[in-house]
Amino acid sequence: MKTEELKGYWIVNVPHHKKGYSFSIYADVNENEVIDLCLKNGLFECDFDAEYAEVEEMTEYDYEFFKDHIITIK
């Protein structure tokens with residue numbers, strides 16, 4: 001998928017000193033709304049992870065890696 005087609009595709013990174021994780025979503029929201037949306041939909045391993053989560057726009061490389069595991073939120 002081309003970069004210009006990736007609007008609304010997000011990577012959420014949760015860094016931890018022992019076990020970090022990432023997941024991808026598709027949602028028609030802006031960057032500031034992603035964490036709250038993920039929290040409301042129970043996507044974090046625990047709610048506390050939302051405090052440390054970082055959001056970034058998905059790149060073509062990210063899409064290729066996550067394409068079979070993108071969570072769509074309407």
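Modeller: Ala53 touches Val12, Asn13, Val14, Ile35 and Phe44, leaving aside residues up to four places away in sequence; a contact means heavy atoms within 4.5 Å. This is a predicted model, in which local features need pLDDT of at least 70 and side-chain atom pairs count only at pLDDT 80 or more, while totals for chains, interfaces and linings use all residues. Residues are numbered from 1 along each chain as its sequence is written, and side-chain values use heavy atoms, with hydrogens and water left out.

Ala53 itself lies in the loop between helix H1 (34-40) and strand E3 (54-57). Helices (H or I, at least four residues) and strands (E, at least two) are DSSP runs, numbered from the N terminus. Because its relative accessibility is 16%, Ala53 counts as buried; buried means under 20% relative accessible area, exposed over 50%, and partly exposed in between, with a 1.4 Å probe and protein chains only. Lys74 is 21 residues from Ala53 along the chain, and the C-alpha atoms of the two are separated by 21 Å.

The cysteines can be considered next. A disulfide is a covalent bond between the sulfur atoms of two cysteines; here it is taken as a pair of cysteine sulfur atoms within 2.5 Å. By this rule the count comes to zero disulfides. Cys38 is in no disulfide, and the nearest cysteine sulfur, that of Cys46, is 14 Å away. That distance is too far for a bond. Cys38 has 0% relative accessibility and therefore counts as buried, whereas Cys46, at 38%, counts as partly exposed.

The wider chain gives these details their setting. The chain has two helices and four strands, and along the sequence they follow the pattern β-β-α-β-α-β. Of its 74 residues, 38% count as buried. Among contacts between residues at least 6 apart in sequence, 56% join residues at least 24 apart.

As to overall dimensions, the C-alpha trace spans about 35 × 25 × 20 Å along its principal axes.
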